[in-house]
Amino acid sequence: MLDLHEIQSTVLRLRPAPYVGSHVALRVDNPQGGRELLRRLAPHVDSATNWWKPANAWLSVAISYAGLEALGVPQASLDSFPEAFRVGMAARARELRDEGVNDPKNWEKLFGGGRIHIGLNAFSDSEEKWRRVMTMARAQYDGLSGVTVLDVQNFGLQPGDRNSLGYKDGIDQPAIEGSGVDPLPGQGRPIKAGEFILGYPGEAGVPLPMPQPEVLGRNGTYVGFRKYQSRVGAFNRFLHANGKTEAERELLAAKLVGRWRSGAPLTLAPEADDPALGADPHRNNDFNYASDAQGRKAPFGCHIRRMNPRDTELTRLTDVNIHRLIRRGTTYGLPYDPNALSEADDEVERGAMFLFISAKAMATMEFLQQEWIDDGNFIGVGDERDPIIGRQDEGATFTIPKAPVRRRCHGLETFNVLRGGEYFFMPSLSALRWLANLGG
Ligand code: HEM
């Protein structure tokens, strides 16, 4: 069993449905102010104890490398963090394939320059409880000398709980050994906890390297934060260019993701949407790809088959269980609009912000970006990229296997543009107190 009382609740607790919340970005101007903030916040940060029981609202705290420096963490300890975390997400742009429109030079000013030191994440299942948790959070940092609020990004409250391209999301998550809950049908075998939380054996049988001292590293984890702007006009234009009727467009939208917008997987509902299936957590993820070896239901290149190929035969022998991430996706801005078709619609403030959580989040994100998002050879679709999150060059295509001949859709664009991101460390509750008490 994991030390649930030590692990921050966001690591294990699922995003509620419906949900509402905020990501708050803070800067530490002097170590005393930063430590005082952590001292004040620590009692309000929920642990993962009973994470499977519905909760009202909770708060988590994550700290960037620049934040650890600003808090005055000793150099020997700073040096014990992995290189990619130390240099930050923007400096790893090449490894992450964050190029062209996604290049850090095009990001929102907030991101990329080591500006964000502390990230607070507030999740809630109702507007009223969100207001309450934010009032409590603000009481800790507003007016606190030595700490500056850089930005507050609110998310959630989307009609029908759909994401920025109109899909139900947040369905599949990796099952984690020792987390206290049996996997749901289709979740796969529980993965060793050390893949997600520091201090426990991983899939290779030994714990991953942990930041030092042990009180700082154990029960902590890493978070890759990514903010995307959804180009809803471009997405809809692609559907219209390749689908004459509403039914054809909805099928194409399902083929791009591997699920209908309701969440129903194409492997179980290949011909028509089945909203009851999409809504049922005991059935909506209960599939593998054995019955779809040709990709005629879920195309090989669709988003979910790339992001979790399950039992798909890959061109290179790969253990898919070591490339999983816990996803806390959140949708912000105006809701998806199926009638938005203009270029002006691409600029409307709406999209998704993600927390990707794992004990090796940096390495996993770099692997995913290089091999499974920005390339298609691993799954036999040549140099096609992920149709949802890939950065597309002119002439990009999406292939739908079909008998007697496959269909190739043209005019694929970059539907989600990266607006910024950062790597964070999400410490245990003991580590939060250790950080708060640095310097005596
Ligand atoms: C705005 C950008 C994105 C959109 C609109 C999007 C949309 C979706 C949707 C609709 C699903 C299916 C429902 C579910 O299982 O939750 C899904 C699943 C998934 N997505 Fe994304 N996604 C986005 C970005 C990303 C990114 C950046 C990653 C990883 C680097 C990612 C990784 C995954 C994974 C791992 C799954 C589950 C696949 C499975 O286990 O079957 N997504 N996404």
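Predicted model: local features only at pLDDT ≥ 70, side-chain atom pairs only at ≥ 80, totals over all residues.
I began at the ligand, where one of its oxygen atoms is 2.9 Å from an N or O atom in the side chain of N308, a polar contact in the sense of a pair of N or O atoms within 3.5 Å. Residues are numbered from 1 along each chain as its sequence is written, and side-chain values use heavy atoms, with hydrogens and water left out.

Ligand, continued. I found an oxygen atom of the ligand 2.7 Å from a polar backbone atom of I171, and an oxygen atom of the ligand 3.2 Å from an N or O atom in the side chain of R327. I then listed the surroundings: 24 residues surround the ligand, and the closest are G170, I171, D172, H303 and R310, a residue being counted if one of its heavy atoms lies within 4 Å.

I placed H303 in helix α12, residues 303–307; helices (H or I, at least four residues) and strands (E, at least two) are DSSP runs, numbered from the N terminus.

Salt bridges. I searched the whole structure and noted 34 salt bridges, each a side-chain nitrogen of Lys or Arg within 4 Å of a carboxyl oxygen of Asp or Glu. R310 pairs with D172, the closest N and O atoms being 3.8 Å apart. Because R310 lies in the loop between α12 and β6 (326–333) and D172 in the loop between β4 and α8, this pair ties together parts that are 138 residues apart in sequence. I checked the cover of both partners: R310 is buried at a relative accessible area of 15%, and D172 is buried at 8%, where buried means under 20%, exposed over 50% and partly exposed in between, with a 1.4 Å probe and protein chains only.

I next took K227 and E108, whose closest N and O atoms are 3.0 Å apart in a salt bridge. K227 lies in strand β5 (residues 221–230) and E108 in the loop between α6 (93–96) and β3 (118–124), so the pair ties together parts that are 119 residues apart in sequence. Both K227 and E108 are buried.

R305 counts as buried at 1% relative accessibility, and D292 is buried with a relative accessible area of 2%.

Chain end. I located L438 in the segment after α14 (429–436), and I noted that L438 is buried, with a relative accessible area of 11%. From C-alpha to C-alpha, L438 and D3 are 23 Å apart in space, and they are 435 residues apart in sequence.

Note on methods: Polar contact = N/O pair within 3.5 Å; in protein donor to acceptor, adjacent residues only side chain to side chain.
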